[in-house]
Amino acid sequence: MIPFEFDYYKPASIREATEAFTLLDTAGKNPVYYGGGSELISMARLGNLHFGSVIDIKEIPECKILGYDQDNQLVLGSALTLSDICESKQFPLLEKTAGRIADHTMQCKITLGGNLASTLIYRETVLPLLLVDSKITVAGIDGVRDFPISQIFEKRLNLPKGSFAVRVSTKKGMISSPYFHIKKTRNEKIDYPLMTVAGIKTGGQLRIAFSGLMPYPFRSVRVENILNDTNDNSVRAMEVVNLLSDKILDDLNGSCEYRKFVLKNTILNVLDTMKEV
Amino acid sequence: MGSIGVGQTVIRKEAWEKVTGQAKYTDDFISNDTLTAQIVTSTYAHAKIQKIDVSSAASLPGVKAILTGEDYPILFGQLIEDHPPLAKGIVRYYGEPVALVVADSAFTAAKAVAMIHVFYEPLPVIGSPSQAVAANAPLVHEQMILYEIAQKDIYPKYNTNICDQKKIRKGDVERGFTQCDCIVEAEFHLPQSDHIAMETRSAQARIDASGTVYIKTASQSPFNVKKIISKVFQIDQSKVIVEVPFVGGGFGGKAPVQLEILAYIASASVGGRAVRLTNSRENDMVSSPCRMGLEAKFKLGATRDGMLQAVQMEYLLDTGAYSDIGPTLIKAIIVDCTGPYKIDNVYCDAFCVYTNHPYVTSYRGFSHASSAFCIERMMDKLAQKLNMDPAELRYKNALRPGCTSPTQVEITSSNFGDLNSCISKLQEIINWSEGTRVEVGENKIRAKGMACFWKTSNSPTDAVSGVFLTFNTDGSINLNCGCVECGPSMKTTAAQILSEKLKMDINRIHVNMDVNTKYSPEHWKTVASMTTYMVGRAVLRAAEDVIRQLSSLAAVVLRCPPEDLEVAYEKVYVRHDPSLFLPLKELVHGYKYPNGNSVEGQILGRGSFIMSDLNVLDQETGKGKSGPFWTVGAQAVEIEYDEKEYTYRFVKAATVIDAGRVLNPKMAEGLVKGGMCMGLGLGSRESFSYDEEARVQDTSLRTYKVMHFGETPKYLVSFVETPQIDAPYHARGIAEHGIIGIPAALGNALSVAVHAELDELPLVPETIWHMKTGGIL
């Protein structure tokens, strides 16, 4: 039971949504945009989140797009569920990543936009997007704008107040890059990541991004530089650990030291398996 | 399609209701005048309550009442009356109910709960059993000496945190150790965890104009609810009526009484109106009782040839903030403290200690999954030191007729079964002979571990059960028993036993799925794997009662001596001339002669059962008999271990159990598999973690992990059938046992794979990594 009252809006267009936001905000109705609800509902139920109104974006057509645009970019609406994305089989690394978030029941609820904008620290769906230089289309009161993901996602999705993610676009060529995805958990398969490591190889160079290693997901060019130099594998793995070591999480899922061990091992795995790719 | 009797698979009677979603559970019964109650819970594990500000919540429209501990300064408890329904003056665990809101809707109740402000003054916490018994430890209960003790065999140590101590003194343990060539010692630390039944606990209460209290609850102990409500609130037992519909999983967690008391005071505070109180998952995990934690120290010795000589052990059971059934849990530990092995010299101390953890209650296996972990890890350590096959060590030492148990009960084939046959059969089905540690590829090890179990019960010595039988005019039977249907298809088993006795189609036997203490004969509690034994015995007596009545009536009509008559296939017939018979339907509501004269009236059957020859254990030696029989078995787990990553996956889990007689094969297999699944969960992931202030960290299923379906290994289940001669059709209780040895078997398999001594749970890769590397990168 959510222990407070709130108003519910279900706009049919982007413009209706952003206008509703402005109106509700001005009226002191503390609005939030709403996708699958898995996070908003459970957090509100426990009193960890409070809102006066929700704006459900699941009926906005642009938020439900799944297909290629005229520039041959794959466009994924932010209101698509993880299971929609997995079943579409359009973006193998994203499919793999989304397919390892929560369980199937939840994958049918959690949306791409909701996961990107999550208040939890993992936001695993951003990893593929960071790697393939996706664009995020954001709708705000001033209209709709595209941002390169690296510009709008720094630790979290930094949306201007009143705006929401509409869709994610990715160049077709990047999607088919060779990739890897390794999710490590404490022990249970369906769990938050002890660490998720995702990467691609493009132009002969590895790119890599992490979730669960630090209190936010990130892609690291400095780590990539280490991976792409010519040192011995174990030297490179230790360099990565040393580079990141002072920010590594220490929590119930695993100690900082254990995460370092898993990181080292995972990097060794990646170097080994991606060598010939 | 019908079937007659035991030994063949029958589908549970309520299968269609359950698979179609029609089956109703406690919180499904709501009428529009029902109010909703909700609890406010403590945010500290140990603190003084300075003030509870309810003013803004109380003024909320729709709030009918707000109660705190000051309103009901009473104490309750099954064994030690140490427990206030709502904390009064002090909170002793994180999640403890401190206030109760009654409102006209769930929404208003939730809103009011968020508006109640409790001010605390934190106190030092007891965060583990060893802290609880340390010198000068703060006391969780300062006034223990004032508590009423409801049962004879409880021995508190006042002015400490020890609320009960139980002992075994058998043989001469000092001399025993001098005879040993090989001695192993170890310590174990096992955390608390939770039941996670699918249905969270739920209770409703109303009080009618005559003062009669009606409680509807998800409980394994409806008759105990009646007794406790009656005692605590001084209401005649006849005026407390408890109803239990289907229960969505109990696992022991629904045996104690908690929400029923809160629902009662909630209803009393609103003039007796109906009030419902249903736990959220989070409250169900920490506010309601969870599973015990355990610390243990062990010393076990044997001669060179592997014959066990002596064992010394000390157990500290973490009962949490209140005792609930904790004292009986340590009784259960000492009763079976040697494992199912012959050891003549035993010295065992078990202490039930208060901590500032959530309080604990019964959980599938009733302490045995924890104690078996210690014993069975010890057996593997010993086998390793002796350089002996762990299966052989177990086989050599397995109890057998002529031996005595730790409490000096003589072991017989009937009361114990045949453990050695279970061990041999287990070795076969798990292919033990291929080796317990096999390298199967780069960095990959396949390893097997085994564990044996035994378990008896610890009911009161006068636990009862009963059955009423009535007939419909078509000759079909209504079977009324007081056990709760919480999953293991007990009601179907009762029907199956009656079907066997009367040689009657099981579909013609109708069992009450709910329990109503007003109409159903008392059944102690649906716990302890005792229901088949107790209800079954009552069913057989009731069947004999109706056979006697039917034969006596038919003898008059058929003009023959009643001893010449047989009741079967819905007929009463003459044994030596079956062509002379009467259909049951012509007898069960009295016999009517052709001229209309009628005799005898309805056939009403009754069967009663009470535990016999159980006694209270001697305080100093533990001598005495706690349960009527044991169920024994052997289990194994096979894992694949990755030496590089320190991770593992389950390959197989196997159980061979001496079931006495398998009554319903598929159901029995399913029960044992379910037990194994829970055991793997305990072994590999389930536990509560606490912060430094003893607050539980994993309070939701986001972070508290149970086994997912996709992770289950291949399950192998096999049975041995050594008759238990006093049991209904020789069948032993098997409901809990699938869980008991599995954490230990997993610990043994991993210890073999890893070449390290893994003596804590749950066994997560990080623990293994730490053991192997000392935590160094």
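In this predicted model, helix H15 of chain B lies across strands S20, S21 and S29 of chain B, running at about 145° to S29(B).

**The four-stranded sheet of chain B**

- The strands follow the order S22-S21-S20-S29 in an open sheet with mixed pairing.
- Strand S22 (509-511) and strand S29 (605-610) of chain B form the edges, each pairing on one side only.
- Neighbouring strands of the sheet are turned by 20° against each other on average, direction ignored.
- Strand S20 (residues 464-471) of chain B runs antiparallel to S29(B), and six bridges join the two.
- Within S29(B), B:Gly607 is the residue that stands opposite B:Val467.
- Helix H14 (residues 490-502) of chain B packs on the sheet as well, where it touches strand S21 (477-481) and S22 of chain B.
- The direction of H14(B) makes about 150° with that of S22(B).

- Beyond its neighbours within four places in sequence, B:Ala99 is in contact with residues including B:Val40, B:Ile52, B:Val54 and B:Ile116.

**A position in chain A**

- A:Asn269 belongs to helix H12 (residues 256-274) of chain A.
- A:Asn269 is classed as partly exposed because 17 other C-beta atoms lie within 10 Å.
- A:Phe147 is 122 residues from A:Asn269 in sequence and 33 Å from A:Asn269 in space, C-alpha to C-alpha.

Notes:
Residues numbered from 1 in each chain as written. Chains lettered and ligands numbered in written order. Predicted model: local features only at pLDDT ≥ 70, side-chain atom pairs only at ≥ 80, totals over all residues. Buried ≥ 20, exposed ≤ 12 C-beta atoms within 10 Å, placed from the backbone. Contact = placed C-beta atoms within 7 Å. Pairing = 2+ DSSP bridges. Axes fitted to C-alpha atoms, helices over the stretch in contact; angles between N-to-C directions.
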